[in-house]
Amino acid sequence: MNKHQLASTIWESANQMRSKIEANEYKDFILGFIFYKYLSERELDLFHKEKLSEDEIKKVAEKDVKYAKHVRETLGYFIAYDNLFSTWLAKGNDFDVKDVRDALSDFDQNIDEVYKKVFEKIFNTLQTGLSKLGETSGSQTNCLLYTSPSPRDRTRSR
């Protein structure tokens, strides 16, 4: 594949995912995913700096009140393991748009009071944009999976 074909393929995928979202909204929508990925990775970096094993990281949830509070106080927010961006990717074809909706809702619930002005409602455009990807949850999920950069995800029917 040459550069022109690659650019054409990327543009086509972006337009398919963009669906009914206006181009200016789409930018904010995608930036929301990128920022969520960044925040997820930042939390994983904290776990690794604190020498948590992969098994310990997988057990990190809101139920672990003490550790969730520690993360909120350190980063300003807390994302449970099940809601991390990398966990979404690991789900492959088991990923569902509901995972994103639940994670964004949980994110708003897990912002430290000191950081409310920074993080509160920061993902509103992303949440709103999800409903514009299709009429049903299934079509929204397929839209997200089909445009995923991972070839294995493209095997899912649209």
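Mentor: A residue counts as buried when its relative accessible area is under 20%, and as exposed when that area is over 50%. The model is predicted, and by this criterion 39% of the 158 residues of the protein chain count as buried.

Trainee: What makes Ser-40 a buried residue?

Mentor: The relative accessible area of Ser-40 is 1%. The cut-off for a buried residue is under 20%, and Ser-40 is therefore classed as buried. Ser-40 belongs to helix H2, residues 23–49. Leaving aside residues up to four places away in sequence, Ser-40 touches Ile-79, Leu-84 and Phe-85.

Trainee: Why is Lys-51 called exposed?

Mentor: Lys-51 has a relative accessibility of 72%. The class of exposed residues begins over 50%, so Lys-51 falls within it. Lys-51 sits in the loop between H2 and helix H3 (54–58).

Trainee: Which residues of helix H4 are buried, and why are they said to lie on the same side of H4?

Mentor: In H4, residues 65–75, the buried residues are Tyr-67, Ala-68, Val-71, Arg-72 and Leu-75. They cover an arc of only 140° around the axis, so they are on the same side of H4. The face turned away from that buried side carries the exposed residues Val-65 and Lys-66. Gly-76 follows H4 and has a positive phi, near 100°.

Trainee: How many helices and strands does the protein chain have?

Mentor: The chain has nine helices and zero strands. From the N terminus on, the order of elements is accordingly α-α-α-α-α-α-α-α-α. Of the contacts with a separation of 6 or more, 61% are between residues 24 or more positions apart.

Trainee: How many cavities of 30 Å³ or more are counted, and what is the volume of the largest cavity?

Mentor: One cavity of 30 Å³ or more is counted. The largest cavity has a volume of about 40 Å³. Ten residues line the largest cavity, and those closest to its centre are Phe-78, Ile-79, Ala-80, Asn-83 and Asp-106. Ile-79 is also one of the residues that Ser-40 touches.

Trainee: What makes up the lining of the largest cavity, by residue class and by element?

Mentor: The lining divides into six nonpolar, two polar and two charged residues. Helix H6, residues 97–109, supplies the largest share, three residues.

Trainee: What is the confidence of the model across the protein chain, and which elements have the lowest and highest mean pLDDT?

Mentor: The average pLDDT of the chain is 80, and 79% of the residues score at least 70. Helix H9, residues 137–146, has the lowest mean among the elements, 68, whereas helix H7, residues 116–119, has the highest, 93. Over residues 148–158 the pLDDT is below 50, and this stretch has 20 contacts in the model beyond near neighbours in sequence.

Conventions:
Residues are numbered from 1 along each chain as its sequence is written. This is a predicted model: local features need pLDDT of at least 70, side-chain atom pairs count only at pLDDT 80 or more; totals for chains, interfaces and linings use all residues. Side-chain values use heavy atoms; hydrogens and water are left out. On a 1 Å grid over the protein atoms alone, a cavity is a set of points where a 1.4 Å probe fits but cannot get out, and a pocket is an open set with protein on both sides within 12 Å along at least five of seven lines; lining residues have an atom within 4 Å of a point. Grid points are joined across faces, edges and corners, and a volume is the space filled by probe spheres set on the points. Helices (H or I, at least four residues) and strands (E, at least two) are DSSP runs, numbered from the N terminus. Ala, Val, Leu, Ile, Met, Phe, Trp, Tyr, Cys and Pro count as nonpolar, Asp, Glu, Lys and Arg as charged, and the others, Gly among them, as polar. Buried means under 20% relative accessible area, exposed over 50%, partly exposed in between (1.4 Å probe, protein chains only). The arc is that of the directions from the helix axis to the C-beta atoms. pLDDT is the predictor's confidence in each residue, from 0 to 100. Contact means heavy atoms within 4.5 Å.
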